[in-house]
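Please read it with the structure open.

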Amino acid sequence: MKKIALAVCALCASVSLFAASPFQSAIDRAHRDGLYNVYVKQLATTTTKVVSYDELVKAAQGYKVVVVGGYSGLGYEHPDWIREDFEMLVRTVGDHAFYVLGATSDGIGQAYKDIPAIAKMLGYRDIKMAGIVSRNAAQWGIEPQDYVVFVDTAVDDWAVVVDGKSLYIKIASDTNGIVVYFRGGGTSKGELEEALADGLTVFLVVDKTTEPNKANVEKRLSRNPNYVVDGTVDIVKSAKKWPNLILLQ
């Protein structure tokens with residue numbers, strides 16, 4: 001029995017070391033990329049086109065490009081109110097518009113359903129929906145959309161940053177588009193600061209319609225008390241320094 005116990009201890013130790021080694025990172029990436037490759041093949045049977053960033057910029061030519069951001073995993077306390085905000089946005093932008101989001105369904109991702117439905121109600125005929133997202137999304141899937149760009153990030157990294165630039169903000173810059181955020185967390189803060197520094201026109205909605213889901217906030221803070229729930233607070237406080245920022249509060 002003592003020999004068996006020692007063998008088990010040795011096996012556990014080796015597994016622990018292996019999990020902490022660079023090999024585990026490579027295995028995780030290989031697993032993730034395997035799921036990604038399968039998922040891309042599945043998307044090939046749908047109307048969603050998997051494209052490169054440059055191809056997305058080309059597809060957006062001739063359209064009014066609107067980058068939409070906000071809460072994803074946290075979600076919103078009042079999704080119906082957010083839909084009303086979307087309707088105001090779609091009415092303002094008009095037809096021949098190209099909306100770019102984070103490709104997934106959580107939180108702000110409800111726009112993938114809401115915006116086309118609103119556009120149809122208004123009689124618009126040329127609305128495109130697109131997404132930019134990490135390959136990590138392949139495990140859970142994305143919302144139906146016209147175009148999607150998958151970014152090869154680390155397995156635990158969802159930020160679509162290439163050469164120090166967020167692709168969400170870069171596409172707005174490359175297409176003379178605008179940026180519209182419905183509040184947002186820490187990641188949104190960085191993207192908004194980048195957009196403002198680049199001189200892009202930024203609309204930031206921080207009224208009661210954009211409050212995050214309270215239950216999800218409590219869960220997140222219980223796991224990480226330092227989690228940034230609202231990354232827009234400092235931006236709102238310093239709004240006067242940004243002539244290209246339009247606050248809706």
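Gly123 follows helix H5 and has a positive phi, near 85°. The model is a predicted one.

**Helix H5**

- Helix H5 spans residues 111-121, and its buried residues are Ala111, Tyr112, Asp114, Ile115, Ile118 and Ala119.
- The cover over these buried residues includes helix H4 (79-93), strand S3 (97-101) and strand S4 (127-134).
- H5 lies across S3 and S4, and its direction is at about 170° to that of S4.
- Helix H6 (residues 167-174) also packs on the sheet, where it touches strand S2 (64-70), S3, S4, strand S5 (147-151) and strand S8 (178-182).
- The direction of H6 makes about 145° with that of S8.

**The sheet**

- Eight strands make up an open sheet with parallel pairing, in the order S1-S5-S4-S3-S2-S8-S9-S10.
- Strand S1 (49-50) and S10 are the edge strands, each pairing on one side only.
- Strand S9 (residues 202-205) pairs with S10 in the parallel sense, over four bridges.
- In this pairing, Val205 stands opposite Leu248 of S10.
- In general, strands of a sheet pair through backbone hydrogen bonds, either parallel or antiparallel.

**The surface patch**

- Leu248 belongs to strand S10, which covers residues 245-248.
- Leu248 has a relative accessible area of 32% and is therefore partly exposed.
- Together with Met88 and Ile246, Leu248 forms a nonpolar patch on the surface, and the three residues have about 240 Å² of accessible area together.

- Side chains of opposite charge can pair when their charged atoms come close.
- The model has 11 salt bridges, among them the pair Arg83 and Asp114, whose closest N and O atoms are 3.8 Å apart.
- Because Arg83 lies in helix H4 and Asp114 in helix H5, this pair ties together parts that are 31 residues apart in sequence.
- Arg83 is partly exposed at 29% relative accessibility, whereas Asp114 is buried at 12%.
- Lys113 and Glu143 also meet in a salt bridge, with 2.6 Å from N to O.
- Lys113 is in helix H5 and Glu143 is in the loop between S4 and S5, so the pair ties together parts that are 30 residues apart in sequence.
- Lys113 counts as exposed, with 56% relative accessibility, while Glu143 counts as buried, with 12%.

- Is Arg32 buried or exposed? Its relative accessibility is 6%, so Arg32 counts as buried.
- Asp33 is buried as well, with a relative accessible area of 17%.

Terms used: Residues are numbered from 1 along each chain as its sequence is written. This is a predicted model: local features need pLDDT of at least 70, side-chain atom pairs count only at pLDDT 80 or more; totals for chains, interfaces and linings use all residues. Side-chain values use heavy atoms; hydrogens and water are left out. Patches are made of residues with over 30% relative accessible area and no salt bridge: like charges are joined within 9 Å, nonpolar side chains (Val, Leu, Ile, Met, Phe, Trp, Tyr) within 5 Å. Accessible areas come from the Shrake-Rupley method with a 1.4 Å probe; for residues, only the protein chains shown count as cover. A salt bridge is a side-chain nitrogen of Lys or Arg within 4 Å of a carboxyl oxygen of Asp or Glu. Helices (H or I, at least four residues) and strands (E, at least two) are DSSP runs, numbered from the N terminus. Buried means under 20% relative accessible area, exposed over 50%, partly exposed in between (1.4 Å probe, protein chains only). Contact means heavy atoms within 4.5 Å. Two strands pair if DSSP finds at least two bridges between them. Axes are lines fitted to C-alpha atoms, for helices over the stretch in contact, and angles run from 0 to 180 degrees between N-to-C directions.
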